[in-house]
Amino acid sequence: MNEKLHRLVLAEKFAADGDPRGMRVIAREIFDSNPNSADGPALMAEAALYLGNNDEADILAHDALLTDPGNIRARLVIGGIAAENFDLKEEFSLLKSVIEDSKNDIAKLKKFWFENRRKFAPNQKEKNNAQELLEEEVNTRIFLSGRILYKALRFISNGLYLAGDPQAAADALREASELAEKDEDAAELYSKYLFFLNYREVSPTVMKDTAKKYSSFFANVTRFNHSKHKYSPDKKLKIGYISPDFRRHAVANFVLPLIRDFDTDNFSVTCYNTGKKDAVTEKLKRNRVSWRDLGGRNFRTSSRLISEDNPDILIDLSGHTQNSCLPLMALKLAPIQISAIGYTATTGLDAIDFFLSDKICLPEREQPAGFTEKILRTENCCLCYAPGVIRDMPAAGVKAPVLQNGYVTYGSFNNFAKVGDEVLYLWRAILDEMPDAVLVIKNKICSVESGREILLERLKKMSFPLNRVEMRPYSPDYLEQYRDIDIALDSFPYNGGLTTCEALYMGVPVVTLRGKTHGSRLASSILTAADCKELIAQSQMEYVKKAVQIGKRKELIAGYHAGLREHLLKSALMDGRKYMNGLEKCWREAWKI
């Protein structure tokens, strides 16, 4: 193998270890050995990108392209810069070409080796040596092309997700997972792939089978042993809640009842915070619970500290969301482990014993086909909404906008990745039936110019009346902006959880479509607990019909806006003690099984 290839392999190892300064050293060596090569400045550009020096990275990458207009690493870097700048169209154009060219390079190299290896006579020693040298070089070039492909897939996945194409993002993550050098990286990417699958319709059986592969990443870990049979079934149970999101995060809106309203005579609670700390963390810590901050601690130390507490039941609140705690759960740190609240589908991890649901999301008469875990069903909703931890909640908009505007304003503040074409077609059908109505779409895709362009193109293809669609960027005052919305339209099959609760709390009725899975029935469960079952549609046709019927009744809309918050405050959705009674029956049930 020639010296330059050897150095590039070494640079990739530095990259995999998160050491861009090591990459720069190698880049300098390559440049010094051949100043006319594009590889040196391209590698320097990539290191600069990882160090956050985007201007330097851009200059170096373009220098590399002056020498070699097709240099794939330089194009990767410029695509990565576009991704960081949220220039989605530029990002997709560059990174898709990098992905295609990397795959073509790998295919050509494999074909070349297949065709040439037969030219060597195995009984001639000299040719065997030549064969070994050629094989080493071909495999090295395949490895280097594979690393470029791996990084391009990781870069593009986030952009595709932001642009509202979670299926393409999921496909990119699955491919990247297969190319990952380290098991922990492969597991993390596969976990994110599973999370993105929730955004579109996937059969429960397929979801279960796909998720089961996640356990294979932890097949060789040594699990903790537990002697649960020695414990009394009626003992005071030590409950542990583990999450990276005891902070300014959506999950914080549902955590407070877990640590405020539990039965202190029969349960003790410890929170294991694996993420960052902020003012919300400090508020949560004021409750009657023990607390361990594990953020920044390594895997071994975190697992040791949890195991030393000997929790009877460890409950994960993250699932396959960002900074997942599932790798820790794979060690079986407690005799009973449960997935709850933070994730809406099966984890696929065989170390998780139970999944928390409820009788609306997964009725007892149905046999859930989509879970590797046993199902625990609480009497009420599996969520209890407890706002005010993250910020002071604004007053609800008592007067419905339609009374001032003379027309109905529909709105969606959901993550736009949840809004597939099926959803958009129904929204267009609603606008067709309500010729004076407008639709407000507010989310992060509308915060960047290229995102707005992509959304506009989608709406044009579906013949939306664009003059009646308002695109609003994400903003910290999004709750106050519910005062501009008469009726909220939920997404499916991935319902809004917190988004549904917030809209109701701000006095805005939410029309939802009840699906066939836990995640696609979550909003139905929320609305049932809020005693607003009349807003639940059982079919797509009924979804449109309900949205139109409510839209034609100004007095009904006004009634919702005037009284919905007070109604919600008295409902089961916000009754922490009632909620915890149901959950604690589930915890006790899981312990006795």
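Student: Is Tyr505 buried or exposed?

Tutor: This is a predicted model, in which local features need pLDDT of at least 70, side-chain atom pairs count only at pLDDT 80 or more, and totals for chains, interfaces and linings use all residues. Residues are numbered from 1 along each chain as its sequence is written, and side-chain values use heavy atoms, with hydrogens and water left out. Buried means under 20% relative accessible area, exposed over 50%, and partly exposed in between (1.4 Å probe, protein chains only). Tyr505 has 10% relative accessibility, so the residue counts as buried.

Student: How are the planes of the Tyr385 and Tyr505 rings arranged?

Tutor: Rings of Phe, Tyr and Trp (its six-membered ring) pair if their centres lie within 6.5 Å; planes under 30 degrees apart count as stacked, over 60 as edge-to-face and the rest as tilted. By this rule there are 18 aromatic pairs. For Tyr385 and Tyr505 the centres are 5.8 Å apart and the planes stand at 80°, so the pair is edge-to-face.

Student: Which ring does the charged end of Lys418 sit over?

Tutor: A charge sits over a ring if NZ of Lys or CZ of Arg is within 6 Å of the ring centre and within 35 degrees of the ring normal. The charged end of Lys418 lies 4.3 Å from the centre of the ring it sits over, that of Tyr494.

Student: Is His561 buried or exposed?

Tutor: Contact means heavy atoms within 4.5 Å. Not counting residues up to four places away in sequence, His561 touches several residues, including Gly397, Ile485 and Pro509. His561 has 2% relative accessibility, so this residue counts as buried.
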